Amino acid sequence: MTEFDKGYWENHWFTLEASMRGHHLPVNPYLTTETANLPAGTALDAGCGTGTEALWLAEQGWSVTAADISATALATAQTRAAATGVGDRINWVQTDISQWAPKQTWDLVVTNYAHAQGGQLAFYRRISSWVAQGGTVLIVGHLHGNHDDDHAGHDHPAHDHPEEATATLEAIVRLFSPADWRVEAGYEHNRTVHPGESPVQLRDVIVRARRSVSGTDR
């Protein structure tokens, strides 16, 4: 079983930064689509990596907390933020999200292909608990066996992700009790990215859910 600890992620980002030579894929298209109708507020990017999604959210007017376990990834993210002029809208936090206990909630919590110790479902359940009443969680994950090239995924490493780093659509949706949540989108999708000279085929799972407000919207 793969240990998604600090050492794993430091090695991951060091290797990827060297191989990609500063190249970063565009913002995850599911983020732009699934948040298009949300008013800007506070947002948490859980497992922000080198900051692509956090930067995009800040550019749309969100006040962003961007958390990741890797100092290497965050250093790159902060450099990118300074270059774009939105650094003052982002609070960068180096932390192990599987152990983190933030003292606030957010209007939007997003995660894009992040993995943590303890399994994907436990990770998704944990970050969903940080969504404010009436707020939204957006989960973008891998489906098992979904990569066919050395740079598969959004700034992700050169291998097929192990099964413990994936979760099915059905399992993710079951995390959200109808008494407390409304699942507003849930689907699988195939897409092609171009991290290098050759296209890469991805199979993704996407779930967007809204938390009820004091017993309404149930």
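## Salt bridges in the predicted model

The structure, a predicted model, holds four salt bridges, a salt bridge being a side-chain nitrogen of Lys or Arg within 4 Å of a carboxyl oxygen of Asp or Glu. In this model, local features need pLDDT of at least 70 and side-chain atom pairs count only at pLDDT 80 or more, while totals for chains, interfaces and linings use all residues. Residues are numbered from 1 along each chain as its sequence is written, and side-chain values use heavy atoms, with hydrogens and water left out.

## Glu34 and Arg208

One of these salt bridges is formed by the side chains of Glu34 and Arg208, at 2.7 Å from N to O. The pair links distant parts of the chain, since Glu34 lies in helix α2 (residues 29-34) and Arg208 in strand β7 (residues 200-211), 174 residues apart; helices (H or I, at least four residues) and strands (E, at least two) are DSSP runs, numbered from the N terminus.

Glu34 is buried, with a relative accessible area of 9%, and Arg208 is also buried, at 16%, where buried means under 20% relative accessible area, exposed over 50%, and partly exposed in between (1.4 Å probe, protein chains only).

## Glu184 and its two arginine partners

Glu184 forms a salt bridge with Arg208, in which the closest N and O atoms are 2.6 Å apart, and this pair links strand β6 (residues 181-193) to strand β7 across 24 residues. Glu184 itself is partly exposed, with a relative accessible area of 32%.

Glu184 also forms a salt bridge with Arg210, with the closest N and O atoms 3.0 Å apart; here Glu184 in strand β6 and Arg210 in strand β7 are 26 residues apart. Through shared partners, salt bridges join Glu34, Glu184, Arg208 and Arg210 into one network.
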